[in-house]
Amino acid sequence: MKRVLPFLCVVVFLTVPFWLQDQYFLHVAITTTIFVIAAMSLNLLLGYTGQLSLGHVAFFGIGAYASALTTLGFDVELVGGLRIVHSPWPPVIGFPVAIMIAGLCGYLIGKLSFKVRGAYFVIVTISFAEVTRLVALNWVELTQGPLALNNIPPYTLWIPGIGFHEFWSKTAYFYIVAAVALASYVIIQRLVNSRAGRAMVALKDNESLAVSVGIDVTRYLVLAAVVSAAIAGAAGSLYAHYVKIIDPDIFLFIYTVTMVIMVITGGKGTLAGPVVGGIIFGFLPVVLRSFASPAMQWIIYGGLMIAIVFLLPQGIVPAVERILGRARSAPQAAGSPSSKAGDK
Amino acid sequence: VHEFLQHLVNGLILGSTYALLGIGLTLIFGIMRVVNFTHGELYAFGAYAVYFATALLGINFFVGLALAVIAGCLLGALIEYVLLRPLQGADIDTTMLVMIGTWIVMQNAELLYWGGVAKAVITPFPDEPLQIGPIYVSWLRIFVLVMGTVLIVATYLLIDHTKLGKAMRSTFQDRDTAALMGVNIKGIYTITFALGSGLAAAAGALLGPVFLVAPTMGDMASLKAFAIVILGGLGNITGAALGGFILAFVEELGAGYISSGYRDAMGFLIIIVILLFRPTGLFTRAERVG
């Protein structure tokens, strides 16, 4: 059963375009999957290293802008008359560029912000995201500011015998997004089950103890930040080439909050958590939109967030695992001592 | 030089309300160890309360201002009682998540009730500004500065010279010992949150008429309050007061001489720089922070 369930999930997931013909639902499936990728990457920091990073949307946005600008090209003049002209490159290059730039930002931000912990860390990460938003808004020469970057081309792939194929159809795009999602899942799974992953969990549970047994705190935290940022950047690139238009609102704090809600609802520190939470909050708007205005939807999300913290502090996945009596066979999920929020 | 003086005056006026925001937030953090994401919403609540009282109920502006502050206190007490009291002893991340949820609910409730169109509060002050030499200041802004200063001083006196203030300070220093000495910790928490919320509502009620009242006004206020508090050191009241003025001056001068588009970025750059070089804030004494 334990082996069959994930396999079954993957099969159901990959056949979505076959039984879900409706274009609107396919669109929701694509955006949901993109947000699941982002939530998975956030979970690496939030769930495994225990750092509440509230600037995660910055990496998503940086990935989106990096990818879009690589494919659209730009012409900026820096201070001192230095002029950088970049002619458009194919989107195939934009994707790895997005990953690299986001990862690099993750490295820099990690190096700087992991000097502080707790409330300080949270506020530094929020500030970072706000600064990137304001730069995207004000550096009009590069980003077009509030006018947005338009006409971002879709991904192209060179297929032998056919030549360059442009991914316009939703079905094709779904498979690209699905492939990245599966790859991200496997990367995160490998990472958290490795020596480095165990070191991260040790840091989360008791940092001073972890340091005393010789774990290099900053090194593992920065590693987590780089991987997390790179994956978020990949998600951002997928998003940019899918919706084909991005503006500085992509950096809004509310998107970080969306990712955080997904992670804590599903269960932080579990591999399946962000996937479950992401699917719930990806499809919830579809259910709600018929009878609730956007503001009302957000009120429901906020209320759910509070309710989850009070009622299911560990999230859905650990709770379900406990009910199924399989808590023992999932060592990474249950029984972590750090979450006793429900206690009186 | 004239321009510079004008920026200084503007900074002083803005700074007095920023200081109110910062003091409220730092009190709550220092005493309760709660990062209050609803702070900006209480600021917006104060602004809307004044609008509601003056424009819809037709109450006198000054009475409306007082009512807004009282309503802010009550709303803060309610939030503390319903949401934070059951979570006492929970880690800081847990309360932070609850506060983020509350913030989202509050902001969208405002949007739902008031709509997205910004509202203007009518004040009894004359439109013509006061001219002092080359500098122009509107009467409303002078009133904001005076009221802000009065509230800052009042908060100071409350904390430094009353029995309640003593109980708050002792809770800040050592919660358990304070409890052993007979301080009602739960009561202090509720009062602290109410006081901090009241100050935020006061800042909103004062700045609401200067700018416009809109549902999203709370976001920037929250983030700026964080910047101010970090600047002064978490939990440091004097630091928060000074931090408010510093942020206002940096914003004014930055907007005036560098680029007005980056006005709001100044606060965050300050946060980042401060935390990199002096994580405990600019004005910390020996007290424990963070």
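Q: What makes residues of chain A and chain B count as being in contact, and how many are there?
A: Contact means heavy atoms within 4.5 Å, and in this predicted model 40 residues of chain A meet that rule with 43 residues of chain B. Residues are numbered from 1 along each chain as its sequence is written, while chains are lettered from A and ligands numbered from 1 in the order in which they are written. In this predicted model local features need pLDDT of at least 70 and side-chain atom pairs pLDDT 80 or more, totals for chains, interfaces and linings use all residues, and side-chain values use heavy atoms, without hydrogens and water.

Q: How much area do chain A and chain B bury between them?
A: About 3,500 Å², with 82% of it on carbon and sulfur atoms; buried area is the accessible area (1.4 Å probe) that two parts lose on being put together, summed over both. Tyr120(A), Ile123(A) and Phe310(A) supply 18% of the area that chain A buries against chain B, more than any other three residues.

Q: Why is the pair Glu130(A) and Arg133(A) called a salt bridge?
A: Their closest N and O atoms are 3.2 Å apart, which is within the 4 Å limit, so the pair qualifies. Both residues sit in helix α6 of chain A, and because they are three residues apart, about one helical turn separates them. Helices here are DSSP runs (H or I, at least four residues), numbered from the N terminus.

Q: Which residues of α5(B) and α8(B) meet?
A: Among them are Phe143(B), Met147(B) and Leu151(B) in α5(B), and Leu199(B), Ala202(B) and Leu206(B) in α8(B).

Q: What is the phi of Lys244(A), and where is its place?
A: Phi of Lys244(A) is near 70°, a positive value in a residue other than glycine, and the residue lies in the loop between α11 (217–243) and α12 of chain A. Most residues other than glycine have a negative phi. In chain B, Arg33(B) has a positive phi near 60° and lies in the loop between α1 (2–32) and α2 (39–56).

Terms used. Helix = DSSP H or I, 4+ residues; strand = E, 2+ residues; numbered from the N terminus. Salt bridge = Lys/Arg side-chain N within 4 Å of Asp/Glu carboxyl O.
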